[in-house]
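Visitor: Could you take me through this structure? I would like to begin with how its elements are counted.

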Amino acid sequence: MVKPVESQDYFTTIYKIIKEQVTMSKFNGVKIVSRYFSPSGEKNLIFRQFFDHISSTYTYLLGCAKTRECILIDPVLEQVKRDFQVTQDLGLKLKYAVNTHMHADHVTGTGYLRALSGCKTIISKTSRAQADIHVEENDSICFGDHELKVLSTPGHTNGCVTYYFPSQGVAFTGDALLIRGCGRTDFQEGDPKILYKSVHSKIFTLPESTLLFPAHDYKGMMCTSVEEEKKFNPRLTKSEQEFVEIMNNLNLAYPQQIDRALPANRVCGIYDIPNEEKKN
Ligand SMILES: N[C@@H](CCC(=O)N[C@@H](CSS)C(=O)NCC(=O)O)C(=O)O
Ligand SMILES: [Fe+2]
């Protein structure tokens, strides 16, 4: 039985309430994970998922309901004011602006957020991009009472990481794993064999009920689970050889903003915001 949801909180419209990581029923061989991902502070967590329509990027706000410290994962430059305003509305103090990788399709908002709020920027060491803090496999990112673990998941880019949130049974996969897809491997040191290994050894080995939140979706989907992707991902359920073949023949157009995005993202976005701009 799924308990009715009484909270008006955002997340309850997506997931039904249940106390622990219990799976409720089976459909098409997949356990329907109806997990309550802390919207009301039951587990002391504030969560928001934001979307940028131009680049189809998801940005995630995670906040500690007790200490009010928060982080933003994969903010987009053009949406920084929106995202930052929400942190202020909710009485949160931004501690870190975090990247899953050096994005090619949009300019990261991390540098701008740093200028606006004084937060620290984070990216992986392997990305070789500039930031205040460089993370590696097994590092922790702590905010308030919460801790994310860094999993190195290269293949889309060398520096791709997944941020795993064990206490919530959630992982933020960046472009390593997309819903029913994965990040392309045809530029930025992309390598399909490495990506296949990353996903199979680091993401598909997480508990099956782990909810996965990617950096992008192009079909309007918002979230998946390890179990779903292990069963239904049209690329990563194949053998390594078939996967390589698929990835080498995607023939995708280059991201429209790539020429602007890569140089900016090498320095973690735009840092020098005019004072006037900061006030608006
Ligand atoms: N049309 C978009 C770019 C779409 C794209 O290439 N997305 C990347 C993630 S951003 S680096 C990707 O890996 N896609 C995989 C796929 O299968 O679509 C734009 O012009 O920005
Ligand atoms: Fe990417």
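Guide: Helices (H or I, at least four residues) and strands (E, at least two) are DSSP runs, numbered from the N terminus. With that numbering, Asn251 is placed in the loop between helix 5 (240-247) and helix 6 (258-266). Please note that this is a predicted model.

Visitor: Is Asn251 buried or exposed?

Guide: Asn251 counts as exposed, because it has 6 C-beta neighbours inside 10 Å. Asn251 also has a positive phi of about 50 degrees, although it is not a glycine.

Visitor: And where does Asn138 lie?

Guide: Asn138 lies in the loop between strand 8 (133-135) and strand 9. Its phi is positive as well, at about 75 degrees, and Asn138 is not a glycine. With 9 C-beta neighbours inside 10 Å, Asn138 counts as exposed.

Visitor: How do strand 13 and strand 14 run, and how many bridges join them?

Guide: Strand 13 (residues 211-214) and strand 14 run antiparallel, joined by two bridges. Leu211 has Ser225 in strand 14 as its bridge partner.

Visitor: Which residue classes make up the shell around ligand 1?

Guide: The shell has three nonpolar, six polar and three charged residues. Among the residues surrounding ligand 1 are Asp105, Asp175, Arg184 and His216.

Visitor: Finally, what percentage of the protein is buried?

Guide: Buried residues account for 47% of the 280 residues.

Terms used. Residues numbered from 1 in each chain as written. Chains lettered and ligands numbered in written order. Predicted model: local features only at pLDDT ≥ 70, side-chain atom pairs only at ≥ 80, totals over all residues. Near = placed C-beta within 6 Å. Nonpolar A, V, L, I, M, F, W, Y, C, P; charged D, E, K, R; others polar. Pairing = 2+ DSSP bridges. Buried ≥ 20, exposed ≤ 12 C-beta atoms within 10 Å, placed from the backbone.
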